[in-house]
Every structure is written in C-alpha cells, then in structure tokens.
Amino acid sequence: MASWRTTGTLLLLVAALVAALIAWERMRGRARPASPPPSRRIPDASYLLSFTLQGGDGSAEIRFDIESKDDFHLLVLRGPAWEFHLCAPEGDWCLAQGPLKPNPGPSPLRILRRRDRIAVTRDEEFLFALNGLGLGSVRPPETRVSGDCSLSTPRLQPLGHIYFSDDFMREGENGVWQPLSGCWELHSTSFVETSSNPFCLFARGPLTPSKEDAPPERGGAEFVGVGIQVAPARPFPQVVRITGNSPAALAGIGIGDSIQAVNGQDLTDLPVPRVYEMLRGGEGSEVELTLQRPGHPQPRTVRLRRERLRWGEIERQFSLEPSRVEETALVSAGEFFWDRYHFEAAVRPRVRGAVGLAAHVRDPSHYLLLRWWGDDPAGQRSHRLEIVRVNGTEETVLAESPGLGGPLPFNTYRMGIQVEAEEIIGRIDGIERVRARRDDLSFGRVGLYARASDGVTFDDVLVSSDPVDPGRRKARSLPSEIREDPIMSEWADDQSAWIPQLTTGMRWLRDDFPSDVRLILQEIPNRAFRLILAGDGTLPVRGYVLLIDRPAGRVHLYRHEVRMASAALPAGSAAIPLAFSRLSSRLEVVAGEETLISWDDPIRLLQTKVGVQLTQTRGVRVENPALLDYTFTSAAVDWEIAGGAWGMMNRWICDPRWSWFGGMSRGIVAAWNKHEVRGDLRVDVTVAFMMFREQRPIERPGDLGVTFYGDGKSLFSGYTFLVGGEQNSWTRLYRNGEVVASTSEASFLLPEDRGDEDSLDAIHRHWFHLQVRRRGNLVTGLYQGVPALQFEDPEPIESGRIAIWSVNNGILLARVQVLPEHLAGYNVPQRTWTRVDGPPLTNWVDGQIDAALEKQEEGVWTVRNLLSGGHFAVRLLPDHITPGSRARLRFDCKFDPGVRVDLYFQAGRRTLKYGLTGPPKAEAILRPSYLPEAIPLAGRAGEKLDDGQWHTVTLDLSGYSGEAEGLSHFTFANYSNEDYLLAGYSANAVGAAYYVRNISFSEEKP
C-alpha cells in the first residue's frame, strides 16, 4: 500500500514536472499549439478593465469575457513573462506571450476591449494588442493570485461612442486642456458676444516674436484712462463707447450703463465735462465707479486701474498654467482609454517650426504624432508631413510624405489624424496624405502640438469614434446680438431671406436654387398648405407643388396644376421632420426615414424659386449638397490667404465691440476659396469696409472685387467683377483680364463720403451685397441686389475657383454663399520656399512674405512673386547707413519682362524711391486705405532694365544720409497701384521673377 502511494506520488511529481517544463517551453516561445477555432462572431463589447497589480514572486490570473465556465479569455502574469489564452470547450490556446519587466511596486494594469480587439498595458507600458477576437461578455472578471502577487478589485468601465468638440468658447480657464509642455494661451476678442468667432488657442514657441514685426496700421488716439466714453443723459451720464482690452471691458461694463457715482461722488445732472474731469487720472491710479445697467434692479460698484490705451485694440490673452516657453509645446485633453478615433483641428501656423496633432497620449513623452513642418530651423525636415512615434527621448518616423510641401504662412488648414487598430492615417483638409501600419500605444488622450515654432493657432477641435461625425461638422450659429441687430439681420438672420407675398400667403426665398434643393420642415402644421420647388416666385400653383393636408393625412405632388403622386402621412407626423427634395430629375418626399413619394420628371422645370405657404419660417431649412455657406463662426479652413493680413478684426475703431473675419493691406488683400466649382454658379458676398482712422474720411470705399472661375492664382483670370474701381469711378466685368462690360452709373458705384450724416450711414454703418452668377452663357454682376453688368459669353468658362479681394484697403466678410452646379475639386495650398533672413537679402518684409527668395549660386538670388501683384518685396540686410556717411550702393540686376519693381528706402522718416522698372511717377501707397502719396525720387536707372539682361546699378546716397536717423529699409518692391499693379493686372503676375547679385554698400563714416 505504501509502495503504491509512493509510486503514485512520484508519478504526480513527474506529471507536474512535465507540465511545468511544457509551460516553461511555451513561455519561451518554443511551444506551437494548434490553431484556435475561428471567431464565431464579432462581439459588441466595449469596456475597460482596470486593476492595480502588486508584483513579486508569484503569479496573477485574470479570467474575463466569461460566457461560460469553459468559454473565456485568460491573462496570466507569472514572473518574467505573460501569456494570453483563449479557453473554449474544444481546448486551450495560447494566442500571445512575451516578457514582463520586473516591477515589484504597485502598477496599473489595463485591459481595453473594443468589439473584436483587445489591448493590454501595464504601468503605461504596452504589452500587446490582438484583433479578430470573439467572445465579448461584460460579466465581472474572475481573478486568482499566488505568492507575493496581488490584484485590486477590478473596475469595469463600459465604453461608448467617443465624441468631443471644442472651439474654446471660454475665458480665463484651461477647461479640459492640460498643458504638458510649452506655453499655451487662450486668445479672444474683448467683446465675445459681438464677434463671429472670438476664441482660439495659441502655442507660443521659442521663435514667436514678443511683438509683431509690423505694428497695426489702424487705431484711434492713445490715452490714459479706463476705456470708456460717456454722453449726457438724465439723471446720470451714460456709457456710449468702450475700447477693447481695457479695464472697463474686462470689468464687464456695457454700452448703455449709467454711471451714478465716481469715487462715491453722486453724478446726478452733472455736466459731462465735469464727469470727465472726475474720470481722468494718472497711469496706474485707481477709480471707483457705481453703475446701473438697464433692467437690473441693483447698481454695482467696480474699482478700475487707469492704463495707457488705444481705441480699436481688441485682443485678449490668458495663459494656461503651467506655462513656459519650450522647444516642444503639447497640451492634452480627453480620457486615457480613448482608442480608435478620428481627431481633427483647425491649425494656423506662422512660418517656422512644426504643427501637429497627437493621438494616444500617455504622458509628455509617449504619444503618436501627425506633424507638418513649415521651415525647420535645424534645416532637416522642412516642408514635409510625417507620422511619428514619440517614446521618451526617441522619435521614430513611421511614415512621411515629403512631396506634399509645407503649409502656407498664416493660412488655416483642417488637420486630421485617424488611429485604427493597426493603421494611422494623416489628412490635410480632409484629404489623406500619409499612412502608417503600426500602433504600439493602442489608446490614450488627444493633444495639440507645436515644435520649434514662431507660433501656431488652433481652433475647432473634434474627436469622434464614428466616421460619420467629421462629415457632420456643425457650424456655430452667429451670436444673437448680430442676428438681431437691425443693420445686420438682413444677412445674419435666415428668416429675413423669406419674402412674404401678402396676396397668396406664400413666402418666397430671395435666393435662387437652379439645381438640386431640399426643403425641410421640422414640424407639420395642422392645416393644408403648400411647399414649392422650381417655382416662379409669383403664382402658388407654378412649379413642383407639394400640398400637405395634415387633417386629411395626405400629401399630393403636383407639376404645375397636374397631380403626379399622392401618399398617406405616417401616424404621428406632426413631430416627424418632412423633406421635399429635387435631386436632378427626381422629386422625393420623405417623412423621418420613410419615403412617401418618389417620382421622376422626364422634362425638368427650369424655374428656380423656393416657396412655403406658412406664416413663419423658423422651423424651415433649405439645403443643397453643393451649397457653401460661410458666416465665419468657425476657422476659415476653406480659404487660402493670397495677400494681406487676415484674421478676426474689429470693423469700427470707434466701437470695437464688433469683429468679423477680415483682411487688410496697403497692397493686395485677397482670399481664394479652396473649392473648385463647375457649371452654373451663384456667389453672394456680404462685405464692409474697415475703419482706419477717426478723422473723415474714415474708410476708403473702393475696389471690391470678386473673381470666379479663376485659376487660383491671378485675380484677373476667369471672370472678375470689380466694383468702385479707379478711385470709385467705374464698375467693370472682366473676362481673363479683358473688359467685357463697364458702367459709371452712380447707382452701381460705392457711396462717397461727403462729410454729412447720410453719407456716413451709407458707408460707415452699411453692409454691401455683391452677387455674381453664371447661367449658361449669361454672366451677371449684381450690386445691392440689382443687375449692374451682364455679358453673354459665346464660350463660357466652365470651371475654376473663387476669390474675394480688394487693394489698398481693409475688408470684413460677414457672409459668403457659393452655390455651384457641381463641386469639382479641392485645392490644398502648400509651399517649398522658405523664409530667408539674409545677409544680403530677406523676404520677411513688414511681417509678411510676398516673394520666394532662392539662392541660385554664390551671390546670385532669384526673387519670384508669390502673389497676384502684391509688393513683390525683398529687403537688404544689413541696411542701415550712419547719418552723415558718404555711402554708395551697388548691385547687378536682371528683370524678366512684365516685372515692375523699384528700390525704396527710408531717409529718416521720409520714404524715397529709386526707379528701376516701375512706373515713372514718384508716388507710393504708404498707408492702407490712404491715397497714393508723392515721394522724393532719388534717381532712376538710365537704361531699360526689363530686357532679361544683367545691368549694374550704382546709387550715390551721400545726398540723403544727413538725416538724423540715417538711411535704412532698402527694399526692392512695388508700392504703386498704377493700372492695378498691386492686383497683378498689368504686370507682376504670380511666378514673375527678377534677379540680383553682387550687392555691396561702401560707406565712409564722418
């Protein structure tokens, strides 16, 4: 008996030893079990299992996805290794195994499950990920430990659809964003309730200038105070103006507030000059105001510190803490368990450094990155897009697209990164540009990124695990203060677009819809009424008429007065949205998701009006798949900046509360839409002039241009409708640069400032409506809704892009609508040229780059124009000559035909011109919205230079160097708009070039 027991014990020991050896061999990767059975299904399981693991000698086993006692997944952590098993009634299979780094201390262990995928991390270290798994039960897991190992009670967190959207509409707080490195600032306008898009996030880099190179060329008078102006009222004076970024604005003082007391002294019936005496004080001193807001029961008291201010400033900045300027800037948001998502943001880089989106962010040094380089200061990775794995101090480039080019400075792009189970996809403006097949992180937060930059602006963040969401980007509606303002409601409130017809009870949409259109009702009134597509705008029985008779529960479709189809309304239809659509030749009526009527018309009606027989249209929406409708409440990702400084700008210096997307320049200010359009077209532009000064004329009404079917480069390609040209003396329509229609009729010119109140209203407070359209062969330009010019083109231009522009001006775009017959493509602007900072030349002039500067050989430089016209400018470095010196400038130059450039320089505060190939008249536009100014002519080259040959120019500067400040700012450029040079009409086209070499200054100091 004892012998049997001894023998049995030995057999058990041998069996255990054999099992241990097999397990050891398996852990070492030598065992190769048979393949497991294929997955029976794709489970709908999304959860995160979290534990705290205490390591040491021993093991931990976790059973999860338990569907029965014999059907589950098993994770084993034993000593220096881990294993992952599928346990099923048919057997036990090891699906994955690997080494486990020793860590006796407590560490997080996470198992993330999303449908058929599993990913496991320990102590933030990625262990493994597998796809194609079955099972998927969310029953609580079972654990077993031995030895010194321990596991905390598991936390099972179900995971749903990931959706996160942020356009930074907040003040003075981080919100959900946590800076991990670098300097991050929330930028806003001072008056957010009257700005179309007041907030953005800014990454300040080591190369960001503390002050912009070119100071704003507009603004009111400088003063010391709290930033308000008052007007007499009874019994207390009333606030009538507030300047942005002032103590009054920051304290929330509003227009219309009454000031009851200053420093406790009552102001009842006090004259306004006396009130100003009490408000005045030295810089840094404090004043206490007691204010009463209309409609509020109690007054409030605020204490303000007087500051040095300027009317018209609007920008405010709040730092996200902790804040420190570093080489890399990374800010993170979201949850650590996010996986398999699309992440996008609007990005606006300046010139230097990289912009990026980070995905699966674990900590400041572990994340995936989609990175787009502008100018790399190190000179290694300029103008390329790459997917990077950041692991501590090590970066691994997983994929790159070096042929894409870099982002254009100060242009906005929609950058997107999509992380899937085993793929990472990088997109620019929705177009895939780079792809990698590796993801060792599997899940983590999202992040915004900048590297070695001179500043990047971010806006409109969207994160989603549903691929449909990115295509449903929801534009923020305009603020109510804008929609309800009597001056702006005509374009800001969609309800104003419906024109009532009292005789029929119809409301006709002002805009035409010649192609596909969908009319949507959110609610169906309890009566009989009509919806009309392709109507004539007069008779309610003309067009495709949908008669909705809810009391009878029926809908009837008519073609003119002939019934074509009928259907029953579904039960509960009052609360079901109803859509009436024309899609090519098909008419459809859909209630909810149920199609009630679908009918094809073999002979399509050609009328273009949309009408509803309703008393109010609040629940009515009109859609077209090709309609582009911009109110600029989101970042301007669809617009390519092709001249001027653009951004959120205030319209009025005198009342800086109101801000829109706008641009300004003393040269060309232009923006091209990135979409290419084809076929019939309608473009509506609501635009205003920017106020530049407080003394009249305060604006320059002139030169409003719309280019359509253009080539995306020249503003006079395709058709150009130019209103108020040549100092508001004519309005013209061009076809590829040739005038095909013109008028000087006063009703089609812009208003003139005659110095009275009526002309002030006509310009200063007015919004201008320009419309261009092409229907077949007929091209029309409309001004204020009235056809101004028409041209019947025997060979109409079929496709191209759209630009809105002006010259020597500032413009604000309130709303732009583009309705083409077809959207034919999308253009992503990019560059291969860099910022050059000399010596001897720089293309960074007045805070912008208008020309590419390329070194061909030693001492020889090519200057190539990047804009349609523009300043075409490069500046000499160094360029300062000591006062009183006997100085001489010498250089060789060569000009291609069609290049008009002169040499400008500063003598003290005077601008002088030395003539090269530019217009002979010695005048220049030195300030935006001002007329050209006469300037001294320092001489002119004695021979014709634009013959494609090298010429030597020598300029004796001795006669001008006696100025106290000396000579400076030697610039090859064009500052003349003769024959629309600044718009590239008569010369200086995109790509035009001139060449300089052997630049030398000789200077004998006094």
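Two strands count as paired if DSSP finds at least two bridges between them. With that in hand, welcome to this predicted model. Strand S39 (residues 528-535) and strand S40 (residues 544-549) are antiparallel partners over 6 bridges, and Arg530 stands opposite Leu547 in S40. The points below look at the sheet, then at the aromatic rings, and then at the charged side chains.

**The sheet**

- S39 and S40 belong to an open sheet of 7 strands, ordered S36-S37-S46-S39-S40-S41-S42, with antiparallel pairing.
- At its edges are strand S36 (498-501) and strand S42 (562-568), each of which pairs on one side only.
- From one strand to the next, the twist averages 20 degrees.
- As background, the strands of a sheet pair through backbone hydrogen bonds, in either a parallel or an antiparallel way.

**Aromatic rings**

- The model has 38 aromatic pairs.
- One of them joins Trp646 and Phe661 in a tilted arrangement, 5.2 Å centre to centre with 35 degrees between the planes.
- Trp646 belongs to strand S50 (residues 645-650) and Phe661 to strand S51 (residues 659-673), so this pair ties together parts that are 15 residues apart in sequence.
- Both Trp646 and Phe661 are buried.
- Phe708 and Tyr709 make another tilted pair, with ring centres 5.9 Å apart and planes at 50 degrees.
- Phe708 counts as buried because its relative accessibility is 0%, and Tyr709 counts as buried at 2%.
- Phe164, Phe168, Trp177, Trp338 and Tyr341 gather into one aromatic cluster.

**Charges over rings**

- Arg362 lies over the face of Phe443, 4.8 Å from the ring centre.
- Arg682 lies over the face of Phe513, at 5.6 Å from the ring centre.

**Salt bridges**

- The count of salt bridges comes to 63.
- Among them is the contact between Arg303 and Glu288 (3.4 Å, N to O).
- Arg303 sits in strand S22 (residues 300-305) and Glu288 in strand S21 (residues 286-292), so the bridge ties together parts 15 residues apart in sequence.
- Arg371 and Glu386 also meet in a salt bridge, at 2.8 Å from N to O.
- Arg371 and Glu386 are both buried.
- Glu400 forms a salt bridge with Arg381, with the closest N and O atoms 2.6 Å apart.
- Glu400 is in strand S30 (residues 394-401) and Arg381 in the loop between S28 and S29, so the pair ties together parts 19 residues apart in sequence.
- Glu400 is partly exposed at 37% relative accessible area, and Arg381 is partly exposed at 22% relative accessibility.
- Through shared partners, salt bridges join Arg371, Arg381, Arg384, Glu386, Glu395, Glu400 and Arg451 into one network.

Notes. Residues are numbered from 1 along each chain as its sequence is written. This is a predicted model: local features need pLDDT of at least 70, side-chain atom pairs count only at pLDDT 80 or more; totals for chains, interfaces and linings use all residues. Side-chain values use heavy atoms; hydrogens and water are left out. Rings of Phe, Tyr and Trp (its six-membered ring) pair if their centres lie within 6.5 Å; planes under 30 degrees apart count as stacked, over 60 as edge-to-face and the rest as tilted. Helices (H or I, at least four residues) and strands (E, at least two) are DSSP runs, numbered from the N terminus. Buried means under 20% relative accessible area, exposed over 50%, partly exposed in between (1.4 Å probe, protein chains only). A charge sits over a ring if NZ of Lys or CZ of Arg is within 6 Å of the ring centre and within 35 degrees of the ring normal. Axes are lines fitted to C-alpha atoms, for helices over the stretch in contact, and angles run from 0 to 180 degrees between N-to-C directions. A salt bridge is a side-chain nitrogen of Lys or Arg within 4 Å of a carboxyl oxygen of Asp or Glu.
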